[in-house]
Amino acid sequence: MSVKKVLEFEKDGFIPVNRPDLQPYPMSIPFDWAIDPYNDSNWCFQLNTLRYLMIYLGAYNETKDKEYILKLIKWIENWWAFIQKNNIEFAWHDMATGIRSEKIQILFEACDNNNINKPYFFQELVNKHLEVMMSEGFFRSNHNHGLYVIHGIRCLAELIDDNKEVIEFCEKGWDEILENQLDESFIHKEHSPHYHFLFVETLDRYLKTNFYDNFPKMHKYFSEAKKNCDFLTLPDGREIPFGDTDNALSRTPKYKIPSSEKLTLSGYFVYKDCED
């Protein structure tokens, strides 16, 4: 499947996630990373995450052809060279930077596991990302973008030798996120059920990296927040549609609960009668 996606990308170009309103945009090296062909900030944000390029790593996993990883490295090298010479608004967007950091860590772990030499610019790339993300004011614990930033920092901590200070920064950041984004009933505070599911799904994925095995608070908050997922779904499994929540089926596993009611400081009053 990833090999097919690589062929489609190289033929047709970049397609942002969940943007069927936009046409694919052709990409080749060298690329103008400051381009904004649709006058669309979301397009620019998604372009600079570089996450769509991970299809090359997927293609390597399917074929064991190292050429796919070398192509992925060339794309990142081209991005890195360009942003050092040009001021791009979305290059250091907080969420894009966090997502990109996670992908960098995944790529270089793959290099280590498959005896592929890391590129010459590797350490500079990692150090610059850490410098930006750990600068004062970049990380916001009261916004869902903070999830991606703090996890991006934790991912890059795996790629430096003396990472104690970075890991301590991450744990402090996660403390703030968990306290700020969930109320005392472990319900997410950000104006729609969808954000609760996004929070639970994101923590679930991050915990599976095993980077947080020695951080029990994160495991506890995830477990408690997961228990509340059923409160925020309709009987047919949809997330309750208000705020930013649409009518799509939830991707989070359902949890059966007895007839109950719940009042939370996040502004929800939920009554569920499982008998009717």
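Visitor: Is the crossing of H6 and H7 left-handed or right-handed?
Guide: In this predicted model, the axes of helix H6 (residues 122–133) and helix H7 (residues 145–157) come within 10 Å and cross at roughly 145°. Val126, His129, Leu130 and Met133 in H6 meet Val149, Gly152, Ile153 and Leu156 in H7. The handedness of the crossing of H6 and H7 is left-handed.

Visitor: How do the residues of the contact of H6 with H7 divide into nonpolar, polar and charged?
Guide: The H6 side of the contact includes Val126 and His129, and the H7 side includes Gly152 and Ile153. Gly counts as polar in this classification. The contact of H6 with H7 divides into 6 nonpolar, 2 polar and no charged residues.

Visitor: Which term, roughly parallel or roughly antiparallel, describes H5 and H7?
Guide: The axes of H5 and H7 come within 7 Å and cross at roughly 30°. Angles under 35 degrees count as roughly parallel. H5 and H7 are therefore roughly parallel.

Visitor: Which residues of H7 meet H5?
Guide: H5 passes H7 in a left-handed crossing. On the H5 side, the residues are Asp94, Met95, Gly98, Ile99, Ser101, Glu102, Ile104 and Gln105. Their partners in H7 are His145, Tyr148, Val149, His151, Gly152, Cys155 and Leu156.

Visitor: Is Gln105 buried or exposed?
Guide: Gln105 is found in helix H5, and touches Cys155, Glu158, Leu159 and Phe211, not counting residues up to four places away in sequence. Buried means under 20% relative accessible area. At 6% relative accessibility, Gln105 is therefore buried.

Visitor: At what angle do H2 and H5 pack?
Guide: Phe45, Asn48 and Thr49 in H2 meet Met95, Ala96, Ile99 and Arg100 in H5. By class, the contact of H2 with H5 has 4 nonpolar, 2 polar and 1 charged residues. H2 passes H5 in a right-handed crossing, and the two are roughly parallel to each other. Their axes are 8 Å apart, and the packing angle is about 25°.

Visitor: What is the relative accessible area of Arg100?
Guide: Arg100 lies in helix H5. Leaving aside its neighbours within four places in sequence, Arg100 is in contact with Asn48, Thr49, Leu50, Trp79, Ala91, Trp92 and His129. Arg100 is buried, and its relative accessible area is 1%.

Visitor: What distance separates the C-alpha atoms of Arg100 and Lys85?
Guide: Along the chain, Arg100 and Lys85 are 15 residues apart. The separation of their C-alpha atoms is 19 Å.

Visitor: Which residues have the most contacts inside the largest nonpolar core?
Guide: In soluble globular proteins, nonpolar side chains tend to be buried together. Here the largest nonpolar core has 87 residues, and helix H4 (residues 67–85) gives the most to this core, with 10 residues. Leaving aside neighbours within four places in sequence, one of the residues in question contacts Met27, Leu47, Tyr52, Trp75 and Phe82, among others. The residues with the most contacts inside the core are Trp33 and Trp174.

Visitor: Against which helices do the buried residues of H3 pack?
Guide: In helix H3 (residues 55–63), the buried residues are Ile55, Tyr56, Leu57, Gly58, Ala59 and Tyr60. These buried residues pack against helices H1 (2–12), H4 and H5.

Visitor: Which residue just after H3 takes a positive phi?
Guide: The position in question lies just after H3. The phi there is about 65°, and the residue is Lys64.

Notes. Residues are numbered from 1 along each chain as its sequence is written. This is a predicted model: local features need pLDDT of at least 70, side-chain atom pairs count only at pLDDT 80 or more; totals for chains, interfaces and linings use all residues. Side-chain values use heavy atoms; hydrogens and water are left out. Axes are lines fitted to C-alpha atoms, for helices over the stretch in contact, and angles run from 0 to 180 degrees between N-to-C directions. Helices (H or I, at least four residues) and strands (E, at least two) are DSSP runs, numbered from the N terminus. Angles under 35 degrees count as roughly parallel, over 145 as roughly antiparallel, 65 to 115 as roughly perpendicular and the rest as oblique. A crossing is left-handed if the near helix is turned anticlockwise from the far one by less than a right angle, and right-handed if clockwise. Contact means heavy atoms within 4.5 Å. A nonpolar core is a set of buried Ala, Val, Leu, Ile, Met, Phe, Trp, Tyr and Cys residues joined through side-chain atoms within 4.5 Å. Buried means under 20% relative accessible area, exposed over 50%, partly exposed in between (1.4 Å probe, protein chains only).
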